[in-house]
Amino acid sequence: MKKSAARRMFTGSLGNRQTGICGSVFAGKDSGKSSIVRIVDMFCFLTSNCFRENTSKKWEMIPDNHMIEELRLRFPTSCRAVFVCSDPYCEDNDYYLNNTRDALEREDFRFERFIVLDARNADQAEDIVRESNFLLLAGGHVPTQNRFFAEIKLRRLLKGYEGVIIGISAGSMNSADVVYAHPELDGEALDPKYKRFLNGLGLTKTMILPHYDEIKDETLDGLRVIEDIALPDSKGKTFYLISDGAYLFIENGREEMRGEAYMARDGIITRVLSTKTAGGRYGNY
């Protein structure tokens, strides 16, 4: 594939459906069994990417689909933020944190503290998450991040979490109860041992494929990422393909797709309506 997982780290309505531990259901164990959990005041923005480089090569927030305004309404007064990495051993985690913080502060979001959660402090993950009220789940290689989330038991730590969660690319993908981790690195599409479905954080049942405007024309291992990989994998399943600037918004267990999105189901792609209709309902999900 043309774009590496490292670049994807930050390149890198679904009706009134209630899913995930953002308000109502699914905070079960990785065994597949689920328990009912009620979460108060957790807001999720599961994005393809909400940052971009401006003409000065500095990061800025993508203003599309009112995400900045929505975030401003829900931003914690004394924000204790954590950048949860995708690769716990990546030497650039501090770089990504600093660029993320700079972009947010350009929109007048202020932080009491903003730290990285990676291999250096993974043994303190429980305290770090519990003391935070703002989590940013980084983008990157989905299986690598998924393993790190499992190692720090992040799914369990999010039971009872109150605050804002922003997912970017892989971070949004790993937020699902069941994660569709489509092959991304050379060799993965042909590897019979590569696992395309993983246990996720359970914030939603919606499986997201980010960067659709980019990957729709990409190939990997001689296969077209969408037509030859994702669509066959959608048999009996549903994926949501979104581009940078679009996001799945979750509030009190209700999900709305904001921005351009497409649904892949049983090998067929259809457009998802993301604007509020006259009947007051969102989307066609």
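(Helices here are DSSP runs of H or I with at least four residues, strands are runs of E with at least two, and both are numbered from the N terminus.)

A note on what I am looking at: this is a predicted model, so I keep in mind that local features need pLDDT of at least 70 and side-chain atom pairs count only at pLDDT 80 or more, while totals for chains, interfaces and linings use all residues. Residues are numbered from 1 along each chain as its sequence is written, and side-chain values use heavy atoms, leaving out hydrogens and water.

**Helix H5**

How many of the 10 residues of H5 are buried? I found 7, so the helix is largely enclosed by the rest of the structure. (Buried means under 20% relative accessible area, exposed over 50%, and partly exposed in between, using a 1.4 Å probe and protein chains only.) Among them are Val-142, Gln-145 and Phe-149. H5 covers residues 142-151 and lies across E4, E5 and E6, at about 130 degrees to E4. (Axes are lines fitted to C-alpha atoms, for helices over the stretch in contact; angles run from 0 to 180 degrees between N-to-C directions. Contact means heavy atoms within 4.5 Å.)

**The sheet**

Next I followed the open sheet: 7 strands in the order E5-E4-E6-E7-E1-E14-E15, with mixed pairing. (Two strands pair if DSSP finds at least two bridges between them.) Its edges are E5 (113-117) and E15 (254-258), each pairing on one side only. The twist averages 15 degrees from one strand to the next. E4 and E5 run parallel, joined by 5 bridges; Val-84 has Leu-117 as its bridge partner in E5. Helix H3 (residues 93-105) also packs on the sheet, touching E4, E5 and E6.

**Aromatic pairs**

I then turned to rings. (Rings of Phe, Tyr and Trp, its six-membered ring, pair if their centres lie within 6.5 Å; planes under 30 degrees apart count as stacked, over 60 as edge-to-face and the rest as tilted.) The count comes to 16 aromatic pairs. Trp-59 and Tyr-95 have ring centres 6.2 Å apart and planes at 80 degrees, so I logged them as edge-to-face. Trp-59 is in strand E3 and Tyr-95 in H3, so the pair ties together parts 36 residues apart in sequence. Is Trp-59 buried or exposed? At 5% relative accessibility, Trp-59 counts as buried, whereas Tyr-95, at 44%, is partly exposed. Tyr-180 and Phe-239 are stacked, with centres 4.1 Å apart and planes at 5 degrees.
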